[in-house]
Amino acid sequence: GANIPFLKDQNQIFPQLPSPLGQVLATFPLFERIPLVDRASMVGLLVATIDCLGSDDETVREKYDRMTAHDLFIRFGLSKRLVDDFIRPTLLVGLFKPPEELSALVVMELLYYYALAHQDSFDVRWIK
């Protein structure tokens with residue numbers, strides 16, 4: 001008889017890799033409209049997320065909670081193009097507010113949950 005693996009995506013090109021490497025490889029071709037230099041600026045958000053969510057110090061989280069997401073993106077060097085073309089629309093859909101009205105902490109928790117911690121539970125379809 002035929003062996004049909006129920007839990008494996010037959011169209012999966014890349015093996016599931018640790019975050020964020022898995023996301024970068026799996027989604028790389030989906031962001032053709034955003035130049036590579038702009039995509040690379042996302043590293044700043046990863047650094048901020050590690051600083052904030054990787055700390056047991058409550059004062060660190062409070063610092064990010066008082067900061068707007070907009071200020072976070074500027075402070076950590078995210079490109080305007082990346083924010084305007086990807087992050088802002090994602091936040092408007094996910095949290096129904098623009099970065100200027102959101103706590104940096106809330107945004108990092110949202111992005112961590114969907115993009116890093118539960119990458120195989122979050123399936124996005126991009127319009128070409």
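Helices (H or I, at least four residues) and strands (E, at least two) are runs assigned by DSSP and numbered from the N terminus. On this basis the chain holds seven helices and zero strands, and its pattern along the sequence reads α-α-α-α-α-α-α. The structure is a predicted model, in which local features need a pLDDT of at least 70 and side-chain atom pairs count only at pLDDT 80 or more, while totals for chains, interfaces and linings use all residues. Residues are numbered from 1 along each chain as its sequence is written, and side-chain values use heavy atoms, with hydrogens and water left out.

Confidence is given as pLDDT, the predictor's confidence in each residue on a scale from 0 to 100. The chain has a mean pLDDT of 77, with 64% of its residues at 70 or more. The lowest confidence is found in helix H1 (residues 21-27), with a mean of 56, and the highest in helix H5 (residues 69-75), with 97. Over residues 1-10 the pLDDT is below 50, and this stretch has one contact in the model beyond near neighbours in sequence; a contact means heavy atoms within 4.5 Å. Where pLDDT is low, the predicted coordinates should not be read in detail.

Burial was assigned from relative accessible area: buried means under 20%, exposed over 50%, and partly exposed in between (1.4 Å probe, protein chains only). Of the 128 residues in the chain, 27% count as buried. Among contacts between residues at least 6 apart in sequence, 68% join residues at least 24 apart.

Helix H3 (residues 43-53) has the buried residues Gly 44, Leu 45, Ala 48, Thr 49 and Cys 52. Seen down the axis of H3, these buried residues fall within an arc of 135°, so they line one face of the helix; the arc is that of the directions from the helix axis to the C-beta atoms. The face of H3 turned away from the buried side carries the exposed residues Val 43 and Ile 50. Ile 50 has a relative accessibility of 56% and counts as exposed. The C-alpha atoms of Ile 50 and Met 108 are separated by 9.4 Å, and the two residues are 58 residues apart along the chain.

H3 packs with helix H4 (residues 58-66) at an angle of about 135°, and the two axes are 8 Å apart. Axes are lines fitted to C-alpha atoms, for helices over the stretch in contact, and angles run from 0 to 180 degrees between N-to-C directions. H3 and H4 are therefore oblique to each other; angles under 35 degrees count as roughly parallel, over 145 as roughly antiparallel, 65 to 115 as roughly perpendicular and the rest as oblique. In this packing, Ala 48, Asp 51, Cys 52 and Leu 53 of H3 meet Val 60, Arg 61, Lys 63 and Tyr 64 of H4. By class, the contact of H3 with H4 has five nonpolar, no polar and three charged residues. Here Ala, Val, Leu, Ile, Met, Phe, Trp, Tyr, Cys and Pro count as nonpolar, Asp, Glu, Lys and Arg as charged, and the others, Gly among them, as polar.

Asp 65 also lies in H4 and is partly exposed, with a relative accessible area of 41%. Not counting residues up to four places away in sequence, Asp 65 touches Ser 103 and Leu 105. Asp 65 and Leu 105 are 40 residues apart in sequence and 4.8 Å apart in space, C-alpha to C-alpha. Ser 103 is found in the loop between helix H6 (80-94) and helix H7 (104-117), and counts as buried at 15% relative accessibility. With residues up to four places away in sequence not counted, Ser 103 touches Tyr 64, Asp 65, Met 67 and Ala 69.

Two phenylalanines in loops were also examined. Phe 76 is placed in the loop between H5 and H6 and is partly exposed, with a relative accessible area of 23%. Leaving aside neighbours within four places in sequence, Phe 76 is in contact with Gly 44, Val 47, Ala 48 and Tyr 64. Phe 76 and Met 42 are 34 residues apart in sequence and 8.8 Å apart in space, C-alpha to C-alpha. Phe 96 is found in the loop between H6 and H7 and is exposed, with a relative accessible area of 68%. Phe 96 has a positive phi of about 65° although it is not a glycine. Most residues other than glycine have a negative phi.
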